[in-house]
Every structure is written in structure tokens, then in C-alpha cells.
Amino acid sequence: MALSRTDVDHVATLARLGLTDAEQDRLLGELEAILGHIARLQNVDTSALAETAQVGDLVNVMRVDEPEEPIGAAAALRNAPATDGSYFVVGAIQGTELDA
Amino acid sequence: MTPRTITELAAALRSGSTSPRTLLADALAHAERSQKDLNAYLAVTRELAEAQADAATRELQDHPDTASPLCGIPMALKDVLCVDGIETTAGSKMLSGFKPPYTGTAVQRLFDAGAVCIGKTNCDEFAMGSSTENSAYGPVGNPWDIERVPGGSSGGSAATVAAGTVPYSLGSDTGGSIRQPAALCGVVGFKPTYGRVSRYGLIAFASSLDQIGPFTRTVEDCALVYSAIAGHDPRDSTSDPRAVDDPLASLHAGVAGMRLGVPREYLAAGLEPGVRASVESAFRVLEAQGATLQEVSLPSTDVALSVYYVIAPAECSSNLARYDGVRFGNRVERPTVTEMYMQTREAGFGPEVKRRIMLGTYALSSGYYDAYYRQAQKVRTLVSQEFEAVFNQVDAIVCPTSPSVAFPMGSHDEPLSMYMCDVVTLPANLAGVPGISVPCGFVDGLPVGLQVIAPRFEDSRVFRVAQAYEQATEFHAELSPYAREAA
């Protein structure tokens with residue numbers, strides 16, 4: 001399984017995961033080794049098999065449509081790195097790639 | 001005097017020979033004495049424990065006949081289980097200082113039964129690992145040899161029971177993270193059927209695989225704790241609504257007439273000779289109890305490891321997207337939100353978590369989804385079908401829990417060699433079936449575990465087989481040096 005530094009950089013960007021150059025170099029080798037091992041999956045004939053997303057047999061679990069007391073803003077904001085008292089505060093989004 | 005089981009302590013509390021405060025003081029003192037060597041605790045929750053011990057004292061006085069057997073007994077929680085207002089880090093720098101605004105369901109059920117929580121136990125970061133060496137807060141020592149790992153990811157929860165500090169703890173098991181450390185530490189560890197125990201308040205790793213379960217010193221104690229935490233919870237949509245049968249009712253029914261299967265692939269290459277010898281002696285013990293043992297086959301065992309290392313990282317990469325420095329956890333300030341995300345996650349996650357996020361993101365990315373993720377989901381179906389076919393031939397599976405005994409710290413520095421540790425535990429997670437590890441011998445003074453696996457929702461059968469084995473042997477009564485000192 002041949003990976004390139006460009007692949008590693010692309011995946012890290014998808015994951016919004018900052019990595020140093022040294023981490024990228026190390027991950028390139030490690031991911032190649034792991035993907036090389038996992039490649040044996042391709043040898044299994046799965047033409048007659050459906051996918052398993054979860055092993056339970058529950059489908060469309062609904063709760064009763066009754067209002068409940070929410071956790072409340074104070075508790076929900078208690079662990080946030082930055083708030084204005086009622087909202088989570090983040091830096092600029094306009095002018096970044098998310099705004100493109 | 002040896003460290004006592006839940007059953008013994010419950011009797012002692014009712015006879016008045018001890019009190020919740022006395023048990024708590026002993027547990028806290030022992031946790032403190034062994035912390036330097038074992039590093040089993042990330043936090044000691046003295047204030048919470050004292051309040052719970054006092055409430056338990058009142059309950060035992062007012063309702064001695066109806067109080068739960070867990071009432072007044074000290075315990076510990078893996079640090080992936082949320083407790084309202086108590087720091088919960090998942091072994092990660094990302095969550096240092098995080099105090100959940102609610103208590104998880106399994107934990108709340110134990111608290112309602114009168115449990116006394118003495119602390120949060122160390123674990124691999126976000127439960128990713130097989131040695132507890134991936135904790136951001138340092139590794140855990142195995143009480144049988146502190147130069148060796150306790151297994152993982154629930155290493156602290158296994159070690160603290162093996163050390164005799166508390167008679168039980170909770171862990172979580174995604175690919176073996178309860179059963180493998182139980183084996184390596186010489187205690188009992190149980191992963192329930194997927195859907196049996198609510199995961200509300202469990203910090204998510206891989207949601208189609210994660211289950212909460214107990215560590216104890218005996219099978220009976222394990223069934224007791226399981227009974228207390230099992231059952232439907234509307235707050236977890238994967239929690240199963242069917243009634244839970246009482247594992248204590250059939251605990252002593254024995255294995256006479258039962259058919260037990262030994263998967264030939266689980267005794268294949270890679271198994272240490274001493275582990276093989278211990279497990280094969282265990283098979284003879286079960287035969288002597290009247291069980292019929294036969295060879296069975298789970299042909300996809302080898303490829304199941306690959307299925308797991310696609311599906312678990314894929315789900316992890318999705319679950320851990322929430323750690324973005326906005327709602328909880330730590331943040332590295334940067335001018336734009338994207339840079340803030342990237343640098344927050346760079347600083348907050350350790351190497352194994354980054355590796356799995358990268359692997360999972362790759363397997364889910366455009367162009368690779370079909371070849372990796374979808375293919376792994378299909379092979380997962382095959383793994384489940386093979387278990388079903390085996391359970392048409394036999395009542396339960398018996399096999400090793402881990403291919404090796406506890407290994408020296410630092411000896412598995414290649415990710416793939418660490419991943420191989422889970423080869424005989426992770427298929428049960430893929431199929432959602434229940435499994436237990438019970439002590440079945442020693443190799444050079446290090447414990448070996450016997451694994452018992454049964455069909456989905458046959459959790460009681462797992463306990464029944466494990467109990468029959470335990471009662472015919474004395475391995476569970478062997479004490480680590482720290483447990484001998486606990487008295």
C-alpha cells in the first residue's frame with residue numbers, strides 16, 4: 001500500500017488534525033504498514049454479504065414526544081473554553097476556507 | 001486476612017463487623033500506598049466517597065434486609081465514565097479539567113444501589129490501546145510485576161482489583177479492553193452482550209462495539225455487579241428493551257451435559273506455550289465437570305482483526321470530531337476557527353489517538369470508503385454468521401483471552417504488534433456476543449485468563465460456565481503482592 005506525504009496531509013486536513021512534519025513522516029510509515037495488513041480484507045468474497053453497521057436488531061428507536069427539562073445553558077457552557085455567558089465563542093469563520 | 005469479595009463484605013456490613021466508613025478508609029489508604037508503584041488512579045474522589053459511605057450507613061441501618069449487596073462497598077470507575085462534577089479525562093490531555101454535567105446510567109445505577117466510589121482509574125487515552133501505556137498520565141503497573149503492563153485499555157480498573165484496593169470496578173470493552181486486562185491481572189472481567197448495559201455517560205470510542213462491564217475477584221461478584229448495571233435505558237437508543245434474566249438464578253447450575261466449543265483458530269500460531277498449556281488444563285477441568293468439549297471453527301478470525309482495525313478507527317474518527325475546542329475540552333487559541341481546530345487537536349491528542357483518527361478518516365474518505373469501510377462492514381457480517389453457525393453446534397465457546405501473559409512495558413512499540421494482542425477478544429465485539437475472562441493459571445508467576453463466550457443475550461450462560469470452572473479451581477484465590485498487603 002503506497003501512501004504519499006500528500007495523502008497524509010490531505011487526510012489530516014479532512015480530520016482537522018494538525019501534525020508536525022515529524023509526525024507526518026512517522027504516520028506515513030505506520031499507516032502504510034497497517035493498511036498493508038488490512039489489505040487481506042480484499043481477498044474475502046463478499047458478493048453475497050450485506051453490510052453490518054450494528055449488531056443489534058433495533059430499528060428507528062423513538063422516545064415519547066413529551067417535553068423534558070433540558071440540561072440548561074449554565075451546565076452546557078460550564079466546560080467551554082470561551083463563552084459570553086449564553087453562547088460558545090469561537091474565532092473568525094469568515095475569510096477562512098470554511099467560508100469559501 | 002485476605003481482601004474480601006463483595007459477597008463477603010456485604011455479610012460483614014450486615015453483621016456489624018465493619019462499616020462503610022471503615023471499608024472506605026482502608027480502600028483510600030491502600031490506593032494511596034500503591035499509587036506510586038501502580039499509578040492506577042487518575043483521581044481519588046474522597047469527598048464523594050465519604051458522602052456515599054454515610055448515605056450507605058444510613059441505608060444499612062434503616063433497611064438492612066432490602067439494601068443492595070453493593071451498598072456501602074468501595075469501588076472505582078474507569079475514567080471514561082462520566083460522574084456529575086467529577087473530573088473525567090479519558091486518559092487524555094484533551095479533557096484535563098473536564099467536569100461532566102451529568103452522571104452516566106450504569107454509574108448512577110451503582111450509586112443508587114449504595115456504591116462508594118473512591119476514584120477514577122487510569123486507562124489508555126480514549127480507551128485506545130492494549131497496555132495502558134497510551135495514557136497521557138503515565139502507564140499503570142501490573143500488580144503481579146510492576147515492570148509489566150496490566151493490559152488495556154481498562155488497565156487501572158483491572159490493576160486496582162488485582163491489588164486488592166477495591167473488590168470491584170467498571171471498565172469498557174471495545175475490542176477486549178475489559179477481558180484482556182482481567183486476564184493479564186488475574187481477575188474476572190466481563191463484557192456483556194452489546195445493548196445490555198446503557199452507554200449513556202460513557203465517553204464514546206467506537207459506538208457499534210463499546211460496552212461497559214465489571215472487574216471483580218469472583219464470578220459471583222461479577223454477576224452481582226452486572227445485574228445492577230444491566231437493563232434498558234431510554235437515554236441510549238442502542239440499549240435493548242428485552243428483560244434481563246437473573247444470572248444468579250442459574251449461576252450454580254454447572255456444565256454437566258453442556259457442549260463447549262474450542263475454536264481451532266484461537267489455539268493457532270502466536271499463542272504462548274504456557275498460555276496454551278494453562279487453557280488446555282482448563283478444558284480438562286470443564287470436561288471433569290461433565291461438559292463435552294469439541295473443536296469448532298471460526299475461519300475468519302484472522303481477517304476479523306483487519307475488520308476491527310477499519311471499523312473501530314472509522315467510528316473513532318467520527319466520535320472524536322467533537323473534540324474541537326468549542327464546547328468542552330481544551331483549546332489552543334488561533335485567529336481563525338480552522339487553525340484553532342487543527343492546533344487544539346494537535347496539542348490535545350496523543351500518538352495512538354492521532355494514528356486511529358488518521359486511519360479511520362482515510363478508510364472513510366472518498367475513493368477508499370468502498371474498499372475499506374464498506375468491505376469491512378460486509379466481512380463483519382461473515383464474522384457474526386460464523387459465531388451463529390458455531391452456536392448451532394455448541395452452547396458456549398471456551399478459549400484463551402490473550403495470546404500472551406503480561407508483557408514488559410515498552411516491548412510492543414510497533415502499532416501492529418500491539419493490535420495483535422486483541423486477536424481473540426475483538427471478534428466478540430464485532431458479533432456483539434458476551435464474553436468473560438476468569439483466572440486459569442500462571443506462567444512464571446504471571447496470570448493467564450480463560451475466556452468464555454456465549455450467544456447474544458445468553459450472558460447468564462457465560463457466568464454459569466465461568467462459575468463451574470472457578471469453583472473447581474483455586475486460581476482466583478491467588479493474591480498479587482499488593483493484595484497480600486491489603487489486609
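This is a predicted model: local features need pLDDT of at least 70, side-chain atom pairs count only at pLDDT 80 or more; totals for chains, interfaces and linings use all residues.
Local features here need pLDDT of at least 70, side-chain atom pairs count only at pLDDT 80 or more, and totals for chains, interfaces and linings use all residues. Residues are numbered from 1 along each chain as its sequence is written, while chains are lettered from A and ligands numbered from 1 in the order in which they are written.

**Exercise 1. Describe how strand 11 of chain B is covered and paired.**

Step 1. Call a residue buried if 20 or more other C-beta atoms lie within 10 Å of its own, exposed if 12 or fewer, and partly exposed in between, with C-beta atoms placed from the backbone. Strands (E, at least two residues) and helices (H or I, at least four) are DSSP runs numbered from the N terminus.

Step 2. Now find the partners, counting two strands as paired if DSSP finds at least two bridges between them. Strand 10 (residues 435-443) of chain B runs antiparallel to strand 11 of chain B, with 8 bridges joining them. Here B:Phe442 stands opposite B:Pro447. Their hairpin has 2 residues between the strands, and B:Asp444 takes a positive phi near 50 degrees in it.

Step 3. Strand 9 (residues 396-400) of chain B also pairs with strand 11 of chain B, in the antiparallel sense and over 4 bridges. B:Pro400 is the residue opposite B:Leu450.

**Exercise 2. Follow the pairing onward from strand 9 of chain B to strand 7 of chain B.**

Step 1. Strand 7 and strand 9 of chain B run parallel, joined by 2 bridges. B:Gly261 has B:Ile397 as its bridge partner in strand 9 of chain B.

Step 2. Strand 7 (residues 259-263) of chain B is also joined to strand 8 (residues 292-296) of chain B by 5 bridges, again in parallel. There, B:Leu260 is partnered with B:Leu293.

**Exercise 3. Work out how enclosed helix 15 of chain B is, and what it packs against.**

Step 1. Check the length first: the expected span is 1.5 Å times one less than the number of residues. For the 13 residues of helix 15 (residues 459-471) of chain B this gives 18 Å, which agrees with end C-alpha atoms that are 18 Å apart.

Step 2. Next, burial: 12 of the 13 residues are buried, so helix 15 of chain B is largely enclosed by the rest of the structure. Among them are B:Arg461, B:Val462, B:Phe463 and B:Val465.

Step 3. The buried residues of helix 15 of chain B pack against helix 7 (219-229), helix 8 (273-288), strand 9, strand 10 and strand 11 of chain B.

Step 4. For a residue-level view, take B:Ala396, with contact meaning C-beta atoms, placed from the backbone, within 7 Å. Leaving aside neighbours within four places in sequence, B:Ala396 is in contact with residues including B:Leu260, B:Val452, B:Arg461, B:Val462 and B:Val465.

**Exercise 4. Locate the largest nonpolar core and its main contributor.**

Step 1. A nonpolar core is a set of buried Ala, Val, Leu, Ile, Met, Phe, Trp, Tyr and Cys residues joined through C-beta atoms within 7 Å. The largest one has 169 residues, and B:Val116, B:Val310, B:Met358, B:Ala396 and B:Val452 have the most contacts inside it.

Step 2. Helix 9 (residues 301-319) of chain B gives the most to this core, with 10 residues. Since 14 of its 19 residues are buried, helix 9 of chain B is largely enclosed by the rest of the structure.

**Exercise 5. Characterise the contact between chain A and chain B.**

Step 1. Count the residues on each side: 47 come from chain A and 56 from chain B.

Step 2. On the side of chain A that touches chain B, the elements giving two or more residues are helix 1 (5-14), helix 2 (21-38) and helix 3 (73-77) of chain A. Helix 2 of chain A gives the most, with 8 residues.

Conventions: Two residues are in contact if their C-beta atoms, placed from the backbone, lie within 7 Å.
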